[in-house]
Amino acid sequence: MAEHPWDEVKEKFNAALSLSLTERELYLKQLSTESTQLHHEVADLLAQHAGANENDFLASLKIGKQTEADLAETIAQFLPTVDTKATGGDAQSLMTLHTQAEIPATSYIGEIGDYQLIEQIGRGGMGVVYKAYQKNVGRTVALKVIAGGSLSSAEDIARFRDEASAAGRLNHPGIVQVYDAGEHEGNHYFSMAYIEGENLASYVGPGKPRLKPKEAARLIEAVCRAVQYAHDHFVIHRDIKPANIMLDKSGQPLLADFGLAKLVGNEGYTQTGQTMGTPNYMPPEQAKGQLELISNRTDVYSLGGTLYALLKGRPPIEAKNLLDTLKKVESAAPETLYFRGSQIPLDLWIICEKCLAKKPDDRYQSAAALAEDLQCFLKGFPISARAVSPWTRLMRWSQRNPLIATLIGTIAATLLIATVVSISFAVKSRADQRLAESNLAMIEKVLDEVLISVSEGDLANDPGTQKVRQRLLRIAQNYFEELSNSHQVSPLRVADAAYLLGRVQSSLGRDDDAHTSLKKALNIQINMLKDAEDQIGALTQIAKTHKEFSRIAEKSWSNRGVFESSDAAKQALADYLKHEKACVQYRELALALGPTNEELHRLLANSQMGLGLGHIQQGIWTPTSDGFSQAESFLLQSQATWDELLAKTPNDPTRLKDSARGHAAKAKLRESQAAAFVESNPEKYEELLTESLKLRTIAAKTLEELPTDAVTPEIRLLQANCFQVCAESQVQLQQIDDAIANYEQALAVFRSLLMSSPLVDSYRLGVAQDQFMLSQLLLSKQDHYGYQFVTDFQHTLVDGLTINPRDAVSADLLLDYTKSISVSLVEQGLFQEALNQLEQAKNMLADIPVIKSDKPLIDAVIEKLEVEATKLREQINTEDRTT
Amino acid sequence: MTFLESRAMSETPSEVTMLLRRAQAGDAEAAPKLLDLVYQKLHQMAEQKLSHEQEGISIQATVLVHDAYLQLVGANQALDLSDRKHFYILAAKVMRRILIDRARTRRALKRGGPHWKRSTVAMDAVAGPTNQTDILALHEALKQLAELDSRQAEVVEMRYFGGYSVDETADLLNVSPSTVKQEFAAAKAWLYRELSRSS
């Protein structure tokens, strides 16, 4: 294997090091799609770096007076001591004991070489295990010696030696460290860390305690990581079972006994085909002795078997004797895993089933993939092993967001009570009125805290919450109607509630209802204005209501695509501008009364920017209008305010965000102005585009300065958007490499968003779009990583369809993107490659596990892809004939 | 009067100053002499310093080096910038050698079996590092690293053996502080892996 040039490794390592932990993970993931080798090198170095820091390696050198103890320690350093590293910094909890005193001769049962045997602690298939004391290092170890103290055959020696050498190369906190191997007067032995603790077999079998499902999943997940590490080092364990998983004192699992480990690709003495291992946890290919089929998925099976055993209390396959067990492994399915009323979550059973598939190909592809799914289960994310129902999705969502979920639950309950109270509501006393007031206050709280804050967070489009919110809204709405008609509460209260109701209605896409509510609010607010004690507050509230109107209008014009100017969209834009203008006016009035109030300045600048953005749209649709110059002047005003505010408190997250948005808005203006010059004046076009690029880069940089805790999903989205638009401009300016870099950045952000909210469509589409663009750009450069991105965007969109088989947007995009990739490949003369991409998408779609009634959309896409593929095949045939 | 101030009084150019200038001017004899002088001085200083201290006390390499500079060169010697740099780079290399020599002695003692006596280790006043790094293994690994990436090896030499700060190291090697930081991080990870492997 050729090593990657050090400079490149170093560069990537430093780049990764400069990132936050989550970003680093993304970066590495990205890297692994580019080059496995490079990824390994960099990931290893990062791990080493962490280890180095943990152990204060090369921390400032101190020169000390040598004491006797120091000297002993230094001597010990020349001997293989690995235990401090293997413990991951927690030396005390790991069972390797550094005993200072020697053991008196009477208390040990024998001696092998440097080792004093203290007691026999186990007897395995091939060996006896002793607890022993290693004299020259001064540590207690587990010493494994070939059974009977002598060797049965040359083959046994070879296997034994192999075990030691394979395991000795593994150095992972989840693997029992092997120290040393040797021979003493004909006794072959090796030593490993002595673990004081139990193994997982203590939780399997009749009468033994069960682990909680989550605990079992957590342990197996950790074991998976260790197994993956071993696989990465070309070592397959081949005998994973509960008894081989030790638990240290802190409850961390350690995988022991690489007794059957075999170097991948190094056949030899195992060729005899004898079956080894524990058959209860053994996959068919191993039971049948089909050595050529043994792979990392052999371990995946046994990991699943171990998880099964921990959940069920007995191994997946059991029979009276060895031979029967082996037969059963081949044919019988494990006992039905799931039944109604089971304490064990269905997802865990599904994960087990996938591991225990008879055919290796049907199992998880790697221990890491299994670990990922277990992790998903533990965090309440959907597992990959199955598509999920909306109800389960909601349940999972509430697992992830326990706080908000509880809140929704409680408030739904209180609302129901409130409704009951309101039905018998007839004003008989002041007490009733107070009750009514407090009920209304509660509804406002519901609307504000639950419905709006939830809808503005990353759950904005989470289909899992949509239904619940709709229902809550209905309850709130009915109650509101009843109360506001009863004239028992103060009009301002009603206005506040109406305003909030309008926002929620709008967030749920019920714009007409929202209009009605907001109008009601606005009428009351304007009527009450002249009598209001708090003039600034009243004016600000009116401005807010106008802002909400303009938000609704904005949805109607901004969603239609900037170049499509239907009459309805133009009307919406006019509405938008009207309300934004009103908003500016009211805020100016408020500011005149409180000129020192910085928040008022901010709000005014905010609506000035809103006006600016609207005018940009006007300029696009009506080039003869003065849209652009109006926009310019409004954006200038708002930017001036923001610069001033930011200068006062340079690190204020809100102000940084405002400033970034201001720059982004200005960039948008330049982009829009540029569009008019594409053909007529290419130089002007490039000049404007370059300026917008600069502005956007500033915006992106400003957002990066935000402290981590101030970075909301909304800001991440803004960031991703900045990167994406920058990349688009760069494509226009033919700065392809920069564009690629920006698309990669955008992709990283979208991916992390999607990971935390896998059900939000807009995140998924962002990921897919970036992957598509990257594949296009790379393929145009004849860079073969482009193919990887084709596979990636196809996976992303197919995932979307797996979650929701009726997701028309994903289906359309999958078809469009794949077709356009295929077209560009054909243009490059790569007919077969073009065909492959079509076939690949088809196959992925065909593999989506959905019930038939959900299939029409997917089937339609498959059919269309097939049409394209057929056309292409014919074309290839004609080409062949002509040449 | 502090330790540093008491040493900074000489007016005439010190021997080290002369040697430095000669070495810089290309005098082939000057370099080894300089090395010897700095080696002896640092070694002797470490012993003196530690003999006045209590057991278990340790001093920072960088303090030793700065003090050696003051003693050998003198604070008010107007040394060229390049001469000063030369000295500090040299001092780091010397520290490395001193530590390796100490470690070798100790390894020899260890080979001598259980019969070594405390008295024979009086020289151990200038001991090895008090943290867990195996100096000899580090030295070997560093040689390998130098083949792969000589600048990184130099950065380690300056930062670790010389005990110089990031900024000082950057100054000595004529690179930016961020380069030093990055190189040191990568080198540290690389060395840590090499040392884990060998142990």
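Predicted model: local features only at pLDDT ≥ 70, side-chain atom pairs only at ≥ 80, totals over all residues.

Biologist: Fine. What does the secondary structure of chain A come to?

Modeller: 31 helices and eleven strands.

Biologist: And how much of chain A is buried?

Modeller: Buried residues make up 42% of its 883 residues. On contacts, take those in chain A with a separation of 6 or more: 64% of them join residues 24 or more positions apart.

Biologist: Where's the largest nonpolar core, and how many residues has it?

Modeller: It has 106 residues. Those with the most contacts inside it are Ala699(A), Phe723(A), Tyr743(A), Ala746(A), Phe750(A), Leu774(A) and Leu814(A). Helix H26 of chain A, residues 736-756, gives the largest share of this core, ten residues.

Biologist: Which residues does Tyr743(A) touch?

Modeller: Leaving out residues up to four places away in sequence, Tyr743(A) touches Ala727(A), Asp770(A), Met773(A) and Leu774(A).

Biologist: What about a second core?

Modeller: A separate one has 68 residues. Met192(A), Ala193(A), Tyr194(A) and Ala217(A) are among them. As background, nonpolar side chains tend to be buried together in soluble globular proteins.

Biologist: Helix pairs next. At what angle do H18(A) and H19(A) cross?

Modeller: Roughly 160°, with axes that come within 10 Å. H18 of chain A covers residues 511-529, and H19 of chain A covers 535-558. The angle makes H18(A) roughly antiparallel to H19(A).

Biologist: Is that crossing left-handed or right-handed?

Modeller: The crossing of H18(A) and H19(A) is left-handed.

Biologist: Which residues make the contact?

Modeller: From H18(A), they include Leu518(A), Leu522(A), Ile526(A) and Leu529(A). From H19(A), they include Ile542(A), Thr545(A), Phe549(A) and Ile552(A). By class, the contact of H18(A) with H19(A) has eleven nonpolar, four polar and two charged residues.

Biologist: Now H29(A) and H30(A). How do their axes cross?

Modeller: At roughly 170°, and they come within 7 Å. H29 of chain A is residues 808-827; H30 of chain A is 831-846. That makes H29(A) roughly antiparallel to H30(A). Here the crossing is right-handed.

Biologist: What meets what there?

Modeller: On H29(A), it's Leu814(A), Thr818(A), Ile821(A), Ser822(A), Leu825(A) and Val826(A). On H30(A), it's Phe831(A), Glu833(A), Ala834(A), Gln837(A), Leu838(A) and Ala841(A). The contact of H29(A) with H30(A) splits into eight nonpolar, three polar and one charged. You have met Leu814(A) already, on the list of residues with the most contacts inside the largest core.

Biologist: Switching to H11(A). How many of its residues are buried?

Modeller: Eight of the ten, so H11 of chain A, residues 346-355, is mostly covered; buried takes 20 or more other C-beta atoms within 10 Å. The buried set includes Trp349(A), but also Asp347(A), Glu353(A) and Lys354(A).

Biologist: What covers them?

Modeller: The cover includes helix H7 (213-232), helix H9 (296-312) and helix H12 (367-379) of chain A. The axes of H11(A) and H12(A) come within 10 Å and cross at roughly 170°. That makes H11(A) roughly antiparallel to H12(A). Asp347(A), Leu348(A), Ile351(A) and Cys355(A) in H11(A) meet Leu370(A), Asp373(A), Leu374(A) and Phe377(A) in H12(A). By class, that contact of H11(A) with H12(A) has six nonpolar, no polar and two charged residues.

Biologist: Which phi value does Gln782(A) have?

Modeller: Near 60°, a positive value in a residue other than glycine. Most residues other than glycine have a negative phi. Gln782(A) lies in the loop between helix H27 (761-780) and helix H28 (785-803) of chain A. Gln782(A) is exposed, with 9 other C-beta atoms within 10 Å.

Biologist: And what is the phi of Asn174(B)?

Modeller: About 55°, positive although Asn174(B) is not a glycine. It's in the loop between H8 and helix H9 (177-198) of chain B. Asn174(B) is exposed, with 8 other C-beta atoms within 10 Å.

Biologist: While we're in chain B, where is Ala170(B)?

Modeller: In helix H8 of chain B, residues 166-173. Ala170(B) counts as partly exposed, because it has 19 C-beta neighbours inside 10 Å. Beyond its neighbours within four places in sequence, Ala170(B) is in contact with Val175(B), Ser176(B), Pro177(B) and Val180(B).

Definitions and conventions
Residues numbered from 1 in each chain as written. Chains lettered and ligands numbered in written order. Core = buried A, V, L, I, M, F, W, Y, C linked by C-beta atoms within 7 Å. Buried ≥ 20, exposed ≤ 12 C-beta atoms within 10 Å, placed from the backbone. Helix = DSSP H or I, 4+ residues; strand = E, 2+ residues; numbered from the N terminus. Contact = placed C-beta atoms within 7 Å. Axes fitted to C-alpha atoms, helices over the stretch in contact; angles between N-to-C directions. Parallel < 35°, antiparallel > 145°, perpendicular 65-115°, else oblique. Left-handed = near helix turned anticlockwise from the far one by under 90°. Nonpolar A, V, L, I, M, F, W, Y, C, P; charged D, E, K, R; others polar.
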